[in-house]
Amino acid sequence: MPVPASFNDITQDPSLENYIGWVWYEKEVLLPLRWLQDDLNTRVVLRFGSAHYYSIVWVNGVQVMEHEGGHLPFEADISSVIQGSPGVPCRITVALNNTLTPHTLPPGSIQYMNDKTRYPKNYFVQNIRFDFFNYAGIHRPVVLYTTPSVYIDDITVTTTSSETMVQYQVSVVGSTVYSLSLSLRDQEGKVVATGDGPAGELKVLNPNLWWPYLMHENPGYRYSLEVKMQAQANGALLEDVYTLPVGIRTVHVTSTQFLINGRPFYFHGVNKHEDADIRGKGFDWPLVMKDFNLLRWLGANSFRTSHYPYAEEIMDLCDAYGIVVIDECPGVGIKMSESFGNKSLQHHLVVMEELIRRDKNRPSVVMWSVANEPASELPPAGYYFKTVIAHTKALDPSRPVTFVTDVNYALDHGAPYVDVICVNSYFSWYHDPGHLEVIPLQLTTQFENWYKTYQKPIIQSEYGADSVPGLHSDPPLMFSEEYQKAMLREYHSVFDKKRKEYVIGELIWNFADFMTNQGTTRVLGNKKGIFTRQRQPKSAAFVLRERYWKIANESSCLPPIIKSHALFLK
Ligand code: BDP
């Protein structure tokens with residue numbers, strides 16, 4: 001089985017495609033001799049970018065770690081297991097289980113079909129309440145790396161632009177006696193600030209701020225923070241050096257605006273999935289680069305990581321290109337009342353800790369989303385979201401927090417705790433199917449109700465319609481490319497009115513068609529993409545492209561270089 005990849009679509013075996021339960025991976029690798037001999041001062045670490053969902057890992061038959069949940073990295077120090085055995089291959093064994101329970105994220109449940117007249121013995125299905133194929137496998141790169149035995153374990157950086165300070169905190173593990181020196185370099189390699197010790201502030205004169213794509217002619221500017229640690233251990237001088245890209249930017253939310261570096265930011269972007277033919281959710285560089293080229297072609301300045309954290313390599317590109325991210329945890333399909341109990345809540349808090357630890361230093365991440373479309377009308381959702389959101393804010397006071405709702409404004413128990421209202425709606429699709437004419441009234445009412453109740457800015461975090469590429473109909477009928485386009489136009493006319501007031505963003509559902517469970521409403525998956533699963537544009541992509549470039553062009557701070565590009569598009 002290739003790694004990284006989902007295992008589901010690699011073979012011709014339908015039972016592997018829909019497999020639920022344990023799978024095993026095993027590989028032998030030869031390690032450099034010096035890793036195996038230098039047993040005191042070198043630490044060897046085995047790291048997984050992600051694996052779905054529950055993982056147990058052995059090295060040379062010794063269990064070194066277990067981890068609950070996909071989409072996030074986990075690692076273990078394997079030095080003691082491998083050292084002292086030069087020349088012997090290192091055997092890495094992984095057992096993975098993709099069974100979901102009411103307390104995993106996402107939740108799910110196993111249902112045994114006990115009617116012997118209809119199902120074979122021990123027949124069961126896994127029920128999920130989310131709309132994407134439940135791919136499993138080792139989805140992201142697996143690496144072995146080394147550090148000295150005294151090492152930099154973590155760095156936290158926050159930035160404020162008033163005095164243009166970069167605040168840092170460094171944690172070192174392995175000894176309490178060490179020295180730390182820091183230097184911040186600009187993109188020309190010039191040192192612009194220096195510091196020492198485990199915590200402090202670096203002052204940057206006339207900084208180049210990190211700006212979103214289409215908001216500045218040089219978006220995604222990142223300094224480079226070099227952190228150098230030195231320590232004496234076992235008679236040797238140990239040195240660990242880590243270089244972290246740092247974008248200087250601020251984020252603020254008012255009752256009507258989302259401000260990046262003090263300027264109003266309007267999210268014109270997409271929702272995505274990690275999903276493609278054959279590889280499923282497996283990380284794939286050509287696909288990732290194609291997607292970023294399409295985002296830039298589209299004039300999208302942002303996306304939400306619907307409905308789980310994306311690969312770190314993708315997040316690196318967001319930082320570099322200035323693509324703004326609403327970073328969502330895998331809290332999708334939280335519908336059963338059991339999933340609002342203490343066991344689920346504790347796990348949700350741990351997942352937020354893992355996500356924030358991974359992504360806290362990323363300038364592209366401007367907001368955390370703790371869930372998508374939970375049953376937030378259920379009374380326990382109030383305490384549940386109050387707790388998850390408070391915990392998230394305690395871990396990272398520098399960013400706003402939200403969750404994405406499709407519950408009626410008057411019934412939602414989680415909305416009081418969010419900083420930005422993110423609302424999904426499918427007028428003329430799941431409600432009043434075929435009736436495009438209801439959109440203006442229903443969408444306006446939706447916005448007014450939410451705003452009157454909470455006086456918080458609103459993002460239309462999902463809206464969309466399926467279209468089967470190549471199906472045409474005029475007048476527009478559902479599933480044709482024309483219907484998808486017409487639906488967009490109805491929504492856009494309301495957005496244009498409300499973005500003068502308190503609507504701060506629109507994210508289309510979805511960037512590309514994606515695979516789902518089979519069902520009577522899904523034709524080889526969800527077809528709400530503006531691109532096909534193979535990343536070819538449907539007609540709707542051109543409508544959105546024209547709109548996004550027009551919005552960018554209207555923005556007063558747009559530099560001439562982008563304006564001319566926008567003109568060229570016309
Ligand atoms: C929304 C969900 C999203 C679905 C979409 C749809 O958030 O995951 O794929 O509906 O049905 O409710 O297309």
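Guide: Before we start, one definition: helices here are DSSP runs of at least four residues, strands are DSSP runs of at least two, and both are numbered from the N terminus. Please keep in mind that this is a predicted model.

Visitor: Thanks! Where is P4 placed, then?

Guide: P4 belongs to the segment before α1, the helix at 14-17. The peptide bond leading from V3 into P4 is cis, and its omega is near 0°.

Visitor: Which residues are joined by a cis peptide bond with omega of about -10°?

Guide: Those are H52 and Y53. You can find Y53 in the loop that links β2 (42-48) to β3.

Visitor: What value does phi take at H71?

Guide: Phi of H71 is positive, near 70°, and H71 is a residue other than glycine. Look for H71 in the loop between β4 and β5, the latter covering 74-77.

Visitor: Let's move on to sheets. In what order do the strands of the open sheet of four strands come?

Guide: Two strands count as paired if DSSP finds at least two bridges between them. The order in this sheet is β1-β6-β3-β4, and the pairing is antiparallel. At its edges are β1 (22-29) and β4 (62-68), each of which pairs on one side only. On average, neighbouring strands of the sheet are turned by 15° against each other, direction ignored.

Visitor: How many bridges pair β3 with β4?

Guide: Six bridges, with β3 (residues 54-59) and β4 antiparallel to each other. To find your place in that pair, pick W58, which stands opposite Q63 in β4.

Visitor: What is the order of the open sheet formed by three strands?

Guide: That sheet runs β17-β18-β19, again with antiparallel pairing. β17 (251-253) and β19 (263-264) are the edge strands with a single partner strand each, so one side of each has no neighbour in the sheet. Strand β18 (residues 258-260) is joined to the antiparallel β19 by two bridges, and I260 of that pair stands opposite R263.

Visitor: How many bridges pair strand β15 with strand β16?

Guide: Eleven bridges pair β15 (residues 223-233) with β16 (residues 236-246), in the antiparallel sense. Within the pair, Q232 stands opposite L237 of β16. The two strands make a hairpin with two residues between them, where N234 takes a positive phi near 50°.

Visitor: Now the annotation. Which feature does UniProt place at residues 251-552?

Guide: The record, an unreviewed entry, lists "domain: Glycoside hydrolase family 2 catalytic" there. In this model the chain over residues 251-552 is 35% helix and 16% strand, and the end C-alpha atoms lie 19 Å apart.

Visitor: How far is an oxygen atom of the ligand from an N or O atom in the side chain of H307?

Guide: A pair of N or O atoms counts as a polar contact within 3.5 Å. For the H307 side chain the distance from a ligand oxygen is 2.7 Å. A ligand oxygen also lies 3.1 Å from an N or O atom in the side chain of R522, and the corresponding distance for the K528 side chain is 2.5 Å.

Visitor: What share of the area that the ligand exposes when taken alone does the protein bury?

Guide: Taken alone, the ligand exposes 320 Å², and 90% of that is buried by the protein.

Note on methods
Residues numbered from 1 in each chain as written. Predicted model: local features only at pLDDT ≥ 70, side-chain atom pairs only at ≥ 80, totals over all residues. Heavy atoms only, no water. Polar contact = N/O pair within 3.5 Å; in protein donor to acceptor, adjacent residues only side chain to side chain. Areas by Shrake-Rupley, 256 points an atom, 1.4 Å probe, with all protein chains shown as cover. UniProt positions renumbered as here; feature names shortened; annotations may be inferred. Axes fitted to C-alpha atoms, helices over the stretch in contact; angles between N-to-C directions.
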